[in-house]
Amino acid sequence: MKFANVAQPSHVLLRVVAGLLMLQHGGQKLFGWFGGSAGLPGEAVPLWSLMGFAGALELLGGSAVLLGAFTRPMAFLLSGEMAVAYFMAHQRTAPWPIQNHGELAVLFSFVFLFLATHGAGGWSVDGQRQRQRA
C-alpha cells in the first residue's frame, strides 16, 4: 500500500521524538538531568513519591517508545499519565491549556494515544519481532 510507505518515516519520527522527550523528562525528575526537576536546579525527586513514580514511568516508558519496544502498552500508560498530570497540575489553575501551561501535557497525551492505537510502525523492535514471527 503506497500510503503506508509514505507515512512510515513520519510515524517513526513522531515515535522517536516523543520517546526521547519523555525519557528526558523522566531523567530530569529521577536524576536531576538537564537542570533538575520541579524548579530545583540539579535536584532529583524522591523515587518513592508521586513525582518519582512519574519519573520512572517517563524514563522507562520513554525509552521503550523510543526503541519501539512494547509501544502500545507503554504509550497507553504514558497517555494516561499525561492526562492525569494535566488534570492534577494544570487544569485546576485555569480552564484552558494555554492559560494553565498544560499544552505539553495535552499534546503528549494525544501523541501517546495515537501511538497506543497505531503501534510503533515497521521500523521498531516491535516491527522486527512481528516480521520474525511471520
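**Reading salt bridges and the nonpolar core**

Glu58 and Lys29 are both buried in this predicted model.

User: How should I read that pair, and what joins the side chains of Glu58 and Lys29?

Analyst: A salt bridge pairs a side-chain nitrogen of Lys or Arg with a carboxyl oxygen of Asp or Glu. Here the side chains of Glu58 and Lys29 form such a bridge, at 2.8 Å from N to O. Glu58 belongs to helix H2 and Lys29 to helix H1, so the bridge links distant parts of the chain, 29 residues apart.

User: How many salt bridges are there by this rule?

Analyst: The count is 2. Asp126 and Arg129 also meet through their side chains, at 2.6 Å from N to O. These two residues are about one helical turn apart, because they lie 3 residues apart in helix H6 (residues 125–133).

User: Is Asp126 buried or exposed, and how does Arg129 count?

Analyst: Buried means under 20% relative accessible area. Asp126 has 17%, and is therefore buried. Arg129, with 28% relative accessibility, counts as partly exposed.

User: Which residues touch the most other members of the largest nonpolar core?

Analyst: That core has 14 residues, and those touching the most other members are Met22, Val65, Ala75, Leu78, Phe108, Phe112 and Leu115. At least two core residues come from each of helices H1 (2–31), H2 (50–67), H3 (71–90) and H5 (103–118). H5 contributes the most, with 5 residues.

User: What is Met22 in contact with, leaving aside its neighbours within four places in sequence?

Analyst: Met22 is then in contact with Glu58, Gly62, Leu78, Met82, Phe108 and Phe112. Among them is Glu58, the residue that also forms the salt bridge with Lys29.

Key:
Residues are numbered from 1 along each chain as its sequence is written. This is a predicted model: local features need pLDDT of at least 70, side-chain atom pairs count only at pLDDT 80 or more; totals for chains, interfaces and linings use all residues. Side-chain values use heavy atoms; hydrogens and water are left out. A nonpolar core is a set of buried Ala, Val, Leu, Ile, Met, Phe, Trp, Tyr and Cys residues joined through side-chain atoms within 4.5 Å. Buried means under 20% relative accessible area, exposed over 50%, partly exposed in between (1.4 Å probe, protein chains only). Helices (H or I, at least four residues) and strands (E, at least two) are DSSP runs, numbered from the N terminus. Contact means heavy atoms within 4.5 Å. A salt bridge is a side-chain nitrogen of Lys or Arg within 4 Å of a carboxyl oxygen of Asp or Glu.
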